Amino acid sequence: MKARISAALAAIAGMMGTIAMAGTIEGTASYRERIALPPKAVLEVRLEDISRADAPAETLSLRRYALTGVPAAFQLDYDDALIEPKNSYGLRASITLDGKLLFVTDRAYPVLTRDAGNSADMVLVSAARPEPVGLGGTGWRVGEISGRVLTVDQPPEIRFEDDGAFGARGGCNRFTGRAEIGDGTLRFPENMAGTMMACPPPTDKLEADFVAALSQVRGYVLSGDNLALTNAAGVTILRLARLP
């Protein structure tokens, strides 16, 4: 009898080991504009692994809701087995109507690891294309690379001249060249001139991630004191704040 009970308990334990433990993230999604959306508007919330600056964020969980008003409360379940304590995770959201993007988060909201909790109140911004504004005579400090928020004391910076010439500082090296700037389009040269100092870690990786991101830039969206640089697919890979 004891042998049969032990075998049964072992079988149950084995079955439990194969069942994924589900976690839940809660929060709200809203926007600042004072407008009401039609009943067919859809809110989409995604949990992403944003650990790698050299690769697109990986979606771990996604859920869509019929939007009835804002702020809209949401609950997003995820598989605990997919979460690594050393990695970084973030929430993003969008609101669409008949497939047309209306509002979207302009950054990832940290959750789950690195002292982040399991809730987030997200504020979405309008996805409407702003009026074209030039970059000449402006300077910018990088705050986010491929969804990874920078917390270093001296993040990379870049300045543009009216003729498209630019100067950038990575980690410990400086880069110069002439960018191709159009109506919302931006492309940096493949071979930028620059110094060749050996940066100590972790500055070396920060600089490498910054330079790699610049090579993928194909467009920009300028909104006040915020600049988003996007790749060929329209995905933001660099977020910057205006320098004084």
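Rings of Phe, Tyr and Trp (its six-membered ring) count as a pair if their centres lie within 6.5 Å; planes under 30 degrees apart make the pair stacked, over 60 edge-to-face, and the rest tilted. The model shown here is predicted, so local features need pLDDT of at least 70 and side-chain atom pairs count only at pLDDT 80 or more, while totals for chains, interfaces and linings use all residues. Residues are numbered from 1 along each chain as its sequence is written, and side-chain values use heavy atoms, with hydrogens and water left out.

**View 1. Phe160, Phe166 and Phe188 form a cluster linked by ring pairs.** The whole structure holds 3 aromatic pairs.

**View 2. Tyr31 and Phe103 are a stacked pair.** Their centres are 4.2 Å apart, with 10° between the planes. Tyr31 belongs to strand S1 (residues 22-31) and Phe103 to strand S6 (residues 100-104), so this pair ties together parts 72 residues apart in sequence. Strands are DSSP runs of E, at least two residues, numbered from the N terminus. Tyr31 is buried, at 8% relative accessibility, and Phe103 is buried at 4%. Buried means under 20% relative accessible area (1.4 Å probe, protein chains only), exposed over 50%, and partly exposed in between.

**View 3. Phe160 and Phe188 make a tilted pair.** Here the ring centres are 6.2 Å apart and the planes meet at 35°. Phe160 is buried, with 1% relative accessible area, and Phe188 is buried too, with 6%.

**View 4. The charged end of Arg107 sits over the ring of Tyr109.** The distance to the ring centre is 3.8 Å. A charge sits over a ring if NZ of Lys or CZ of Arg is within 6 Å of the ring centre and within 35 degrees of the ring normal.

How values were computed:
Helix = DSSP H or I, 4+ residues; strand = E, 2+ residues; numbered from the N terminus.
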